[in-house]
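Thank you all for making time this morning. I would like to walk you through one structure, a few residues at a time, and I will give the cut-offs as the terms come up.

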Amino acid sequence: MALLFCDAFWGTDFTDQSGYEAILQRLQDGRHMCKDVEELLKMRALAEEKYGRDLVTIARKAEGQTEIGTLKASFDKLKAEIEKTGYLHIHLSESIKEEVQKIEAFREHQREQRKKLEEIIEKLQKPKMLQHKKTIESKKLYEQRCKEAEEAEQLVGKKTNVTTSTHRQSEKVMNRARLCRQAANLAEKQYKWNVDQLEKTRHDWESTYRSACEVFQQQESERINILRCVLWDHCNLLSMQCVQNDDCYEEVRKLLEQCDIITDNNCFINMKKTACRPPAPIEFQSYSDLDANGGVRSVETKRLSVVLPELSFSGYPEAGSNSAGSYTSAQQAGGVTEKYMVLYDFKAQEDDELSVSKGQVVTITEQGEDGWWKAWRDGISGLVPGTYLTKLSPQSCSTSLAAAQPEHNPIK
């Protein structure tokens with residue numbers, strides 16, 4: 001059951017205004033509460049605006065131009081969504097400012113309405129208090145006059161019983177009693193008139209005060225309702241902002257799901273690849289092999305077939321065989337050939353490469369500038385790294401061949 005202001009805020013006596021003052025204090029506190037809510041919303045609006053502008057600045061300053069592929073797309077999307085979120089917070093700030101303006105207009109309207117009612121109550125309050133004062137004074141005068149009349153009448157009774165009093169004294173006492181009674185009657189009439197006037201004033205004031213209490217209670221109800229609605233709407237705006245923020249970041253997450261490591265690495269390789277093999281290591285060059293211009297001197301190398309024309313051993317084809325024929329054609333095709341010894345094991349990884357083992361002797365027919373040389377061994381040609389080989393001098397070549405030659409009967 002709803003209680004009413006007009007049934008709860010009356011004074012304990014005719015001059016007591018504690019009930020009216022309690023209502024005014026409540027209305028004043030409500031006005032301060034409106035200002036407090038306004039201040040809160042203003043500070044929140046400023047914070048949202050600053051946060052939004054900071055987000056926009058961050059999104060625009062972030063570069064990420066060095067990235068490529070799907071990760072770059074995801075990063076660019078993140079920047080775009082951060083900027084969008086910043087603008088959403090700026091828009092939220094504008095919405096909050098509109099709510100502040102509504103509260104300010106409502107508070108000003110209530111202030112004007114309350115001011116008019118207070119002026120009406122004050123206009124009735126002053127005559128009521130003045131009339132009450134007159135009534136109390138007239139009552140005191142009436143009581144005093146009645147007391148004087150009673151005393152005068154009692155004196156008349158005493159004088160009448162006394163036989164020694166003269167006629168003149170008795171008449172004087174009686175006249176005084178009659179005048180006191182007339183004054184008492186006049187004071188009584190004045191007192192009654194003041195009471196009647198006070199009652200009319202009290203009735204007008206009470207009726208007006210009751211109506212004012214109803215208006216004050218309506219104002220208080222409207223204030224509570226408007227503040228409740230504003231705070232509710234404010235929470236809805238913040239919740240909506242959170243949902244919108246999550247939607248923005250969800251778009252980024254969707255794009256991040258498409259971010260693929262292999263795709264980005266392949267993209268980088270296809271865009272920036274240089275060579276498919278590591279560079280050849282730098283080999284030692286003897287000073288005796290350098291000419292005056294810093295180039296490599298031409299050293300005449302004898303073919304193994306000239307040095308040992310009659311030998312046939314493992315690793316080199318015999319005369320008349322298919323391997324020999326292949327070897328000869330390789331020599332003819334490559335021009336001048338040189339013998340090299342393998343320093344390290346090498347296992348072919350491509351179809352055009354040749355597997356060799358440490359200690360084997362191969363014939364080089366072509367030296368590529370990229371460090372890969374074309375070698376022949378056992379009638380098979382292929383590419384081997386030049387840094388895995390060392391050049392054989394004629395004497396070293398003969399020694400290496402003799403060491404590698406198996407025992408056999410001399411050719412007859």
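This is a predicted model: local features need pLDDT of at least 70, side-chain atom pairs count only at pLDDT 80 or more; totals for chains, interfaces and linings use all residues.

Let me begin with Arg 107, which is found in helix H2, where helices (H or I, at least four residues) and strands (E, at least two) are DSSP runs, numbered from the N terminus. Residues are numbered from 1 along each chain as its sequence is written, and side-chain values use heavy atoms, with hydrogens and water left out.

Is Arg 107 buried or exposed? Its relative accessibility is 14%, so Arg 107 counts as buried, given that buried means under 20% relative accessible area, exposed over 50%, and partly exposed in between (1.4 Å probe, protein chains only). If we set aside residues up to four places away in sequence, Arg 107 touches Arg 31, Cys 34, Lys 35 and Glu 38, a contact being heavy atoms within 4.5 Å.

Arg 107 also belongs to the lining of the largest cavity, together with Leu 27, Gly 30, Arg 31, Cys 34, Gln 110, Arg 114, Glu 220 and Arg 223. On a 1 Å grid over the protein atoms alone, a cavity is a set of points where a 1.4 Å probe fits but cannot get out, and lining residues have an atom within 4 Å of a point. The elements that give two or more residues to this lining are H1, H2 and helix H3 (167-257), and the largest share, four residues, comes from H1. By class, the lining has two nonpolar, two polar and five charged residues, where Ala, Val, Leu, Ile, Met, Phe, Trp, Tyr, Cys and Pro count as nonpolar, Asp, Glu, Lys and Arg as charged, and the others, Gly among them, as polar.

Staying with the helices, Leu 41 is found in helix H1 and is buried, with a relative accessible area of 1%. Leaving aside its neighbours within four places in sequence, Leu 41 is in contact with Ile 96, Glu 99, Val 100, Ile 103, Val 230 and His 234. For one of these, Val 100, the separation from Leu 41 is 59 residues in sequence, and the C-alpha to C-alpha distance is 6.5 Å.

Gln 125, in helix H2 (residues 69-161), is also a buried residue, at a relative accessible area of 6%. Which residue's side chain makes a polar contact with the side chain of Gln 125? The partner is Trp 205, at 2.6 Å, a polar contact being a pair of N or O atoms within 3.5 Å, where, within protein, one must be able to donate a hydrogen and the other to accept it, and residues adjacent in sequence count only if both atoms are side-chain atoms.

**Two loops between strands**

Turning to the strands, Gly 359 is found in the loop between strand S1 (338-342) and strand S2 (361-367), and is partly exposed, at 41% relative accessible area. Beyond residues up to four places away in sequence, Gly 359 touches Met 341 and Val 342.

Asp 378 lies in the loop between strand S3 (372-377) and strand S4 (380-385). Most residues other than glycine have a negative phi. Asp 378, although not a glycine, has a positive phi of about 55°.

**The whole chain, and confidence**

Overall, there are seven helices and five strands in the protein, and buried residues make up 29% of its 412 residues.

As for confidence, the protein averages a pLDDT of 82, and 82% of the residues score at least 70, pLDDT being the predictor's confidence in each residue, from 0 to 100. Confidence is highest in helix H1 (residues 18-61), at a mean of 94, and lowest in helix H5 (residues 304-307), at 33. Over residues 298-335 the pLDDT is below 50, and this stretch has 44 contacts in the model beyond near neighbours in sequence.

How values were computed: On a 1 Å grid over the protein atoms alone, a cavity is a set of points where a 1.4 Å probe fits but cannot get out, and a pocket is an open set with protein on both sides within 12 Å along at least five of seven lines; lining residues have an atom within 4 Å of a point.
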